[in-house]
Amino acid sequence: MNPGDREIDAEFAAHLAHRVDDLVAQGWDREEAEAKAREEFGDLQRLKAESRSARARGRKRFGRASRLDGVLHDLRFAARQLRRRPGFTATALATLAVGIGATVTIASLVKAVVLDPLPFDEPDRLVFVDMVTPEGARFSVSEPVFVDWERELRSFESITALVFRGATLRSPGQPRSITSANVSHRLLDVLGLEPFVGRGFTAEEDQAGQPARVAMISWESWRTDFGSDPSIVGSLLNLDGALHEVVGVMPERLGKMLTGTTPVFVPLGADPTLDREDHYLEVLARLADNTDEATASAELASLQLRISELHGVDLGWTTRLQPARARLIGPTVERAGWVLLAAAAVLLLMACVNVANLLMVRATTRETEMSLRQALGASRSRMTRQLFTESALMAAGGGLLGVLGAYTAVPLVRRLGAARIPRIDEAVVDTSALLIGLGVVGVVTLACGIAPIVQLRWRSAGPSIGTARRGASDPARRVRGALVSMQVAMTVVLLVGTGLLFRSFEALTSVDPGFRAEGTLALSINMPDDTWDWRARAQIVPEVMEAVQGLPGVTAVGATPVAPFSGGGLANFVAPLDRMPDRASDFTPVHWRTVTPGFFEAMGMEQLAGRAFRSDDGAGDASPVVIGRSLAERSWPGQDAIGRTLVWGDPAGSRMTVVGVVEDLRDVQLGETPPMIIYRPYRQIPWATMTMIVRYDGADPASIAAGIRPRIAEVVPGLPIGEVSSLTDNLHRAVAEPRFNLQILSGFALSGLLLGLVGLYGLTAYDVRKRVPEIGIRLSLGARPRSVMALVMKDRIWTTAAGIVVGVGVAVFAARRLEALLYEVEPLDPVTWATAIGLVVAASALATYVPARGAMAVQPSHALNADTD
Amino acid sequence: MTKRDLMQGTLDLLILRTLSGGARHGYQIARAIKASSQDVLQVEEGALYPALHRIEARGWIEASWGVSENNRRAKFYGLTAEGREALEDNARSWAEYVEAVSRVMEHAPEAS
C-alpha cells in the first residue's frame, strides 16, 4: 500500500466515523449506524481507485493559472458578452466612434491651426509694428519712418519691412504676372530662419533707394516653377525686364502664413528721402533679449512722437505692437478652434452618456446573472473588474473606429477650410492626436463603466435574486433620467450655438458688398516699367478693354489695381476744400483706387449721383474724382457733393472735383463698416498692375474666359496676363471662415440631436417595458389606453423640461463665448433660442411619444409575463 | 420536492462555493451542500471524494489534517487563491448558462 492510498483510507474512515457520530446522535444504535454508514458510502475499493485516478487526471490537465490568464479570461468573456448582443454593441460602438472621431479630428485641427507654434525661431518674440491713425485704425508704415525705426530702436534685436507688388516674371518660361515681395535684408534674421540653399540678402544689397538686382525664390516656387533645380543659385531671373541674380531659396518653413504664395523676393532698399505720407510697409520685428512688449512699446511711442514732430507728418498718430501669432492666426480663428473643440467634447460627452445609459439598461437585464454569480461567491471586486473590462473593451473598439474615422475626416475638413483658415493644410492625425484619442478612450471607459458598477453596488445592497427585477424603487432609473436630461441640455447648447452661427452667417452673406459678383470674370494684367512707361500704359489699357469688350457675351469691362477681396488696398488722406483743416494730420483717411471708365458698370455698382468716368477724364489738368457714399456724407452732410472740391493729401495738395457718387464697397471685410473711398481716373495715374473686371451676359463663362487671353495677345503681344478667376470666388472666400465653422458645428449639432433622441427614446421604451405588468393591470381594470400613455410620458416630460432648463443655463454661458464670432446677431437672439428650444421640445415629444404609444398596445395578459428583454 | 443528482462540473462548483466560507472536511462538505440547498441536492460520497481529489490535484484546494468538531482526526480542505479565481470563473459560466437556459424557457412558445 502506498502512502496515498493510506491517506485515502484514513480520510474515508474519518468520513464514516463522522457519519456514525451523527446517526448515533439521532438515536441510532452504534452497530446499526456503522452498517448504514458503510452502505451509504458504497464500494470502498472502487472509490479508492477512482480517487487515485481523479488525482492523476487533475494533475495532468491543469497547470497553474497566471494573472495574465485572468485578464485574458476577462477579455474573452467581455468579448463574448458583446458579441451576444450585436445590436447593443453596434449602437454603442457607433456612438462612441462618432464622439471620439469628432474629438480627435477637431483636436488635430486645433493643434495644427491654433496650438502649434509659428514655424519661426522663438515665435513669441516676433511682433508686428504698426502705425495707428487718430481714428484708431491700424495703418502701414512709410519708408523713411521704417529707416528711422531701424536705426534708432534698441528694444528689437532685428527689424524688417516688407511690401508686396505686382511684377512680371519674364524668364524662365512665358511672361507671367506675379506678386513679388520687397523685403529688407533682415527678414530671415527676424524670423530666425536659414535659407534653404544659398544666402539671404546683405546690407549692401539693401542700399537705400538702390536695391541690388538680386532675388530669392520661395521654396514652393523652387519646387514647382524651377523643378527643384539644384543649380538655382547664381542663375538669372528676368523680373520686370531687369536681370536679377538668384542668391538663395527661402526656407520651406517660411510657409504661406507671412508671404502667401509670393514666389520671388527682392531687396527693399528702404529710402529715407521718399514721401513720409506714403504708408505701405508692413513691419515685423524680433524683441531683444530681456525686453518685454511694454518696454518696446514705450520706446517706440516716444521715438515716433519725436519723428512726427520733427517732420510734421503723422501728427496725432500712434504706434502699436501686435504679437505675430495674433496677427497671422487671427483671434476669430483661434476662438472658433476652441468653440469647435468644446462642441466636439460635448458630443463626446453625449456619446458617453448614451453608452452609459445603454450599459445601465443592460445591467438591469443582467441582474439575474449578477445575483447568481454573487450568490455563488464571485467577489464584488471581481465582478467590478469584469464589468469594467467590458466597458474598456467597448471604449477601445469605439476609439479605434473613431481614430480611423478621424483619419478619413481630417483631410475632408482640411479641404473644407482650405480657402481661408491659416495652416489648416498642416492638420494631420499625428502621435499627439492619437495620444489624445487614447486619453479619451480612458475617460470614456471611466465615464461609461462607472454607471453599471454603481448600479451593481446598489443592487448588491438591495433585493435578492427573486425580487430584483420587479423592484419598485429603482435608483438606476432615476440616474438614467438624469443622464437623459443631461443629453437634452447638451442638445440645447449645440443647437443654440449652431443657430447663432447660422443666423450670423446668413446676415453676413446677405450683406450687400456694394457690387454684383455674379456674372463677372477677373484677370490681372501687368505692364512693367521697362516695356511700357506710364504713357504707354494709359494707351494700352483702353485698347485691351476695347478688345475684350468686343468679345461676344461681354457687356462691360473695367479695371482697377485693387481687386475686390484681394486683401490689398491703397490709402491716403483728403479734406473738403470748404472745411479744410490746417494740418494734414486732421485730414480724413480714405482708401483710393485708380479706375478706368466702365469700371462701375462692370462691377455692377450703383451710381448715386453725378456721372461715371469718361475716357477723357484725367487727360487735362483737371482732376475729376468719383467718391463713395460715406465719404460724400461725411464731407458734405446733407448736401449735394457734385461739383465740390476735395484736397488730396495735405493743405497744399492737388484740388480734385467730385463728378460722381457711387455706393460704398465692402470688399475688404464683408462684415465691417465700408471704408471711405475715392476713385481717380486711370488716365491720370496709370498703375502697372491692373485687375480687369469683365461682366458677361448669360453666355458660358468658360468659353468667354478662354477667349479673353488670345484676344489680348492679339492686341498687345507679350502682355503678361494672370489667371482668370471670378469675383464670386472672391466673395465666397471672404466668408470661408464662418462657413467652415458653421459646417462643422451643424454636423455636431445634428449628431447631438440624434444622440439625444436615441437616449430619450431608449429610456421611454425601457420604462414601458418595465411597466408592462402595471400597465396590463391598469388596462384590465379599465384604464383608457390614452391615460396609460400619458402616464408613461409624464415622467419624460419632466426629464425633458429639466434638461431644457439646464441647457438654457449652459447655453447662455456658451453663447457669450461665441460673441466674437457673431455678425449682427446677439448671443441671446430670440429667433435662434426659440427655434432651438422648439426643436428640442418637438424632437423630445416625438422620441417620447413613439415608445409611449407602445404602452397602449399592451395586452392585459402580458402583465404576468413581462420579464422579456 | 424530488432530490437531484449533480452533474460533475456543478459538484466542483458547489464544493468550491462551500469551501469559500472556510476549510471543511469531506463529511462537512456533503452536509453543507445538502443543508444549504434545503435538502434538494444530495451529494453521493462516491462522487464527492473523487471530485475533491481531482480539484486538489488542480491546485484549487489544499488539504491538511486536523481535528474535527467531534474530536476526530479528519482531512480538511481549504480554497487556494487559484481556487477563489476558479470559483468566480465557474460561477460566471454557470450564471451565463442559467441565464441562457431560463431565457429559452421564458421564450418557449405559448400554448395556443
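The dialogue below asks why features of this predicted model carry the labels they do.

Trainee: What should I know about the model and its numbering before we start?

Mentor: The model is predicted, so local features need pLDDT of at least 70, side-chain atom pairs count only at pLDDT 80 or more, and totals for chains, interfaces and linings use all residues. Residues are numbered from 1 along each chain as its sequence is written, chains are lettered from A and ligands numbered from 1 in written order, and side-chain values use heavy atoms, with hydrogens and water left out.

Trainee: What makes A:Arg186 and A:Asp189 a salt bridge?

Mentor: The rule asks for a side-chain nitrogen of Lys or Arg within 4 Å of a carboxyl oxygen of Asp or Glu. The N to O distance for A:Arg186 and A:Asp189 is 3.0 Å. That is within the limit, so the pair counts as a salt bridge. In general, side chains of opposite charge can pair when their charged atoms come close.

Trainee: Why are A:Arg186 and A:Asp189 called partly exposed?

Mentor: Buried means under 20% relative accessible area, exposed means over 50%, and partly exposed lies in between (1.4 Å probe, protein chains only). A:Arg186 has 28%. A:Asp189 has 39%. Both values fall in the middle range, so both residues are partly exposed.

Trainee: How do you know that A:Arg325 and A:Glu334 form a salt bridge?

Mentor: Their N to O distance is 3.4 Å. The limit is 4 Å, so the pair qualifies. A:Arg325 is partly exposed at 26%, and A:Glu334 is partly exposed at 27%.

Trainee: What makes A:Arg711 and A:Glu714 a salt bridge, and where do they lie?

Mentor: The closest N and O atoms of A:Arg711 and A:Glu714 are 2.9 Å apart. Helices here are DSSP runs (H or I, at least four residues), strands are runs of E (at least two), and both are numbered from the N terminus.

Trainee: Are A:Arg711 and A:Glu714 exposed or partly exposed, and why?

Mentor: A:Arg711 has 27%, so it is partly exposed. A:Glu714 has 57%, which is over 50%, so it counts as exposed.

Trainee: Which residues are linked in a network of salt bridges?

Mentor: A:Glu122, A:Arg125, A:Glu157 and A:Asp289 are. Over all chains, the structure holds 28 salt bridges.

Trainee: What about phi of A:Asp240?

Mentor: Phi of A:Asp240 is near 50°, again positive in a residue other than glycine. A:Asp240 sits in the loop between strand E8 (236–239) and strand E9 (242–249) of chain A. At 29%, A:Asp240 is partly exposed.

Trainee: Why is A:Ser635 called buried?

Mentor: Its relative accessibility is 4%. That is under 20%, so A:Ser635 is buried. A:Ser635 lies in helix H19 (residues 629–635) of chain A. It touches A:Pro576, A:Arg579 and A:Leu646, leaving aside residues up to four places away in sequence. Contact means heavy atoms within 4.5 Å.

Trainee: How do you know that domain 2 of chain A and domain 4 of chain A are in contact?

Mentor: 14 residues of domain 2 of chain A are in contact with 19 residues of domain 4 of chain A. Domain 2 covers 134–316 and domain 4 covers 520–731. These bounds come from an automatic or database domain assignment. The two domains bury about 1,200 Å² between them, 52% of it on carbon and sulfur atoms. Buried area is the accessible area (1.4 Å probe) that two parts lose on being put together, summed over both.
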